[in-house]
Amino acid sequence: MPERRSPQVSSRKQPKQARANGLVAAVLDAAVQVLRAEGATRFTTARIAERAGVSVGSLYQYFPNKAAILFRLQSDEWRRTSELLRDILTDKSRLPTERMRTLAHAFLHSECQEAEVRTALGDAAPLYRDAPEAHAVRTSGSYVIRDFLTEALPGANARKVALAADLIEATLTQVGRSFSEAERSEEEIAAYADAMADMLCAYLARLSR
């Protein structure tokens, strides 16, 4: 049986001039609009180019296929999440439990704000999830959580830290995805985030003992 090849999801080239940056930004903005309006099943480079007001040929200068555009949108979201984690969890002026509580609120708000596009990207994930580039970008947030736990649990061994990091990451991801599937009010988000923070802080406190 022939080995399945991973899709090419890297950009063809990086824009270096203002005009090229503008074109790429227009393509990505149009891609988000197409995802929201049409969903993943009707997501095509032709529709993106039309909405962006550029030719398909211009689009292909930077993105070899629609999988590359989807991967760029998804990797941008992963990077934003990693930056959110890093900004909060590396703030050593605050106690670990304070950082964990802040993270629960910020993460849940972010998930609700990005729910529509994230759901569509999830539907399209088979197009890019097996590419090596996807794995590299996806794991950056995991290292942030692991580094935080190494600091917060100085007496814990590496195996214990790794298990806790996996569990916390999975909890944030699964709870955020499930909770954001429905439209939520600010009060609902705050109440749910408080409950999740209580749970995570209790887990962190038990580990520290």
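Helices (H or I, at least four residues) and strands (E, at least two) are taken as DSSP runs and numbered from the N terminus. On this basis the chain contains 10 helices and zero strands, and its pattern along the sequence reads α-α-α-α-α-α-α-α-α-α. The structure is a predicted model, in which local features need pLDDT of at least 70 and side-chain atom pairs count only at pLDDT 80 or more, while totals for chains, interfaces and linings use all residues. Residues are numbered from 1 along each chain as its sequence is written, and side-chain values use heavy atoms, with hydrogens and water left out.

The accessible surface, from the Shrake-Rupley method with a 1.4 Å probe, comes to about 11900 Å². Carbon and sulfur atoms account for 50% of that surface. With contact defined as heavy atoms within 4.5 Å, 72% of the contacts between residues at least 6 apart in sequence join residues at least 24 apart.

Helix α10 spans residues 186-208 and has 23 residues. The distance from its first C-alpha to its last is 32 Å, close to the 33 Å expected at 1.5 Å a residue, the expected span being 1.5 Å times one less than the number of residues. Buried positions in α10 are I189, A193, M196, A197, L200, C201, Y203, L204 and L207. These buried residues pack against α5 (96-113), α8 (140-152) and α9 (158-179).

Two packed helices are described by the angle between their axes and the distance between the axes. Axes are lines fitted to C-alpha atoms, for helices over the stretch in contact, and angles run from 0 to 180 degrees between N-to-C directions. For α9 and α10 the angle is about 170° and the axes lie 12 Å apart; α9 is therefore roughly antiparallel to α10 (over 145 degrees). In this pairing, K160, A164, L167, I168, T171, L172, V175 and F179 of α9 meet E188, I189, Y192, M196, M199, L200, Y203 and L207 of α10. By class, the contact has 13 nonpolar, one polar and two charged residues (Ala, Val, Leu, Ile, Met, Phe, Trp, Tyr, Cys and Pro being nonpolar, Asp, Glu, Lys and Arg charged, and the others, Gly among them, polar).

Helices α5 and α8 pack at about 155°, with axes 11 Å apart, which makes α5 roughly antiparallel to α8. P96, R99 and M100 of α5 form this contact with F148, E151 and A152 of α8. Four nonpolar, no polar and two charged residues take part.

Definitions and conventions
Buried < 20%, exposed > 50% of the residue type's maximum accessible area, 1.4 Å probe, protein only. Parallel < 35°, antiparallel > 145°, perpendicular 65-115°, else oblique.
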